[in-house]
Amino acid sequence: AGGLTSLGLAASGSRGAILAAAAGAVVWGLIEFKDRPGARRAVLAAAVALALLGAGAWTARRETAGAASARLALWACLPAAVREHPLLGSGPGTFQAAMRRHRTAEFVALLGPKTTQVHAHNDLLHAAATTGLLGLAAYLWLHAGAFSLLRSVRSAAVAGGLAALCVQAKVNPLPLGAWALAALLLGTLARGERREAASWPPAFAAALAAAVLLAALRLGVADARFSQARRASAQGRTAAAGALFDAAL
């Protein structure tokens, strides 16, 4: 699992994912190996090494500086969007429209006048812009409840996974599947089902793993088609780009 995760991180090229994985490993190691200091230190050292490798990968990517500048320019636009509707926000799913009304000259200069933005690339800022200060308070209350639950249960795997999601959400939008997984993990802990040992037939486990792997491969193929379509579009091959975009979808 660790090897496949490392390969996935390398393939994604996502700085946020690398930092999130390191944070999750640190939290997991602190809880899982609380009574074994040597093992805990080894896990923490591995997490630090992962973070350093990720930092080295960033410097090798030419678009790193541009991506970081674009994030900062995006976040600089959001205070004006929050002030427009401070209590209730612009409404769920309306970030793109709200953002267009408050784009700064720096944002337009970096990303162009036609660029649209459907997410703030930060869950707290996104909540503040779309659901207002009341929605942000409710979201923070949810965080406090999750932290309290994890402190009482002390499940290393769940705590590490949720820590990784929390870090990732500060720099990138999370897919719906990640939110659903977090809800299921917390709901399971809240019901006290953590103490019940689940026993699944090996054949069922193998079938489930195969299904997940096939689904992941299909997403990988779709991502490759999308990259090919963008290259074809940049080269002026409109017909090929359209066919590749359709294949990706």
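Predicted model: local features only at pLDDT ≥ 70, side-chain atom pairs only at ≥ 80, totals over all residues.
Colleague: Which residues of α9 are buried?
Modeller: Buried means under 20% relative accessible area, exposed over 50%, and partly exposed in between (1.4 Å probe, protein chains only). On the other side of α9, Leu176, Gly177 and Leu184 are exposed. The buried residues of α9 are Ala178, Ala182, Leu186 and Leu189.

Colleague: Why do the buried residues of α9 line one face of the helix?
Modeller: An α-helix has 3.6 residues a turn, so residues three or four places apart point the same way. The arc uses the directions from the helix axis to the C-beta atoms. In α9 the buried residues line one face because they fall within an arc of 65 degrees.

Colleague: What covers the buried residues of α9?
Modeller: Contact means heavy atoms within 4.5 Å. The cover includes α7 and α8 (156-169).

Colleague: At what angle do α7 and α9 pack?
Modeller: Tyr139, Ala146, Leu149, Leu150 and Val153 of α7 meet Trp179, Leu186, Leu189 and Ala190 of α9. Axes are lines fitted to C-alpha atoms, for helices over the stretch in contact, and angles run from 0 to 180 degrees between N-to-C directions. The axes of α7 and α9 are 10 Å apart, and the packing angle is about 50 degrees.

Colleague: What does that angle make α7 relative to α9?
Modeller: Angles under 35 degrees count as roughly parallel, over 145 as roughly antiparallel, 65 to 115 as roughly perpendicular and the rest as oblique. That makes α7, relative to α9, oblique.

Colleague: Which residues of α9 does α8 meet?
Modeller: The axes of α8 and α9 come within 11 Å and cross at roughly 150 degrees. From α8, the partners are Val158, Leu162 and Leu165. In α9 they meet Ala178, Ala182, Leu185, Leu186 and Leu189.

Colleague: Which elements cover the buried residues of α8?
Modeller: α8 has 14 residues and reaches 20 Å from its first C-alpha to its last, close to the 20 Å expected. Its buried residues include Ala156, Val158, Leu162 and Gln168. The cover includes α7, α9 and α2 (15-32).

Colleague: How do α10 (residues 202-234) and α11 (residues 238-248) run, roughly parallel or roughly antiparallel?
Modeller: Their axes lie 8 Å apart, at an angle of about 160 degrees. The residues in contact include Phe226 and Arg230 of α10, with Leu244 and Phe245 of α11. The two helices are therefore roughly antiparallel.

Colleague: Which hand does the crossing of α10 and α11 have?
Modeller: A crossing is left-handed if the near helix is turned anticlockwise from the far one by less than a right angle, and right-handed if clockwise. The crossing of α10 and α11 is left-handed.

Colleague: Which residues does leucine 30 contact, leaving aside neighbours within four places in sequence?
Modeller: Leucine 30 lies in helix α2. With a relative accessible area of 38%, leucine 30 is partly exposed. Its C-alpha is separated by 8.5 Å from that of valine 43, 13 residues apart along the chain. The contacts of leucine 30 are Arg40 and Leu44.

Colleague: How far apart in space are serine 69 and leucine 110, C-alpha to C-alpha?
Modeller: Serine 69 lies in helix α4 (residues 64-84). It is partly exposed, at 29% relative accessible area. Serine 69 and leucine 110 are 41 residues apart in sequence, and their C-alpha distance is 8.0 Å.

Colleague: What is the phi of histidine 121?
Modeller: Histidine 121 sits in the loop between α6 (105-111) and α7 (123-153). At 16% relative accessibility, histidine 121 counts as buried. Although histidine 121 is not a glycine, its phi is positive, about 55 degrees.

Colleague: What share of the protein chain counts as buried?
Modeller: The chain has 11 helices and 0 strands. Its C-alpha atoms fill a box of roughly 55 × 45 × 35 Å along the principal axes. Of its 249 residues, the buried share is 28%.

Key
Residues numbered from 1 in each chain as written. Heavy atoms only, no water. Helix = DSSP H or I, 4+ residues; strand = E, 2+ residues; numbered from the N terminus. Expected span 1.5 Å × (residues − 1).
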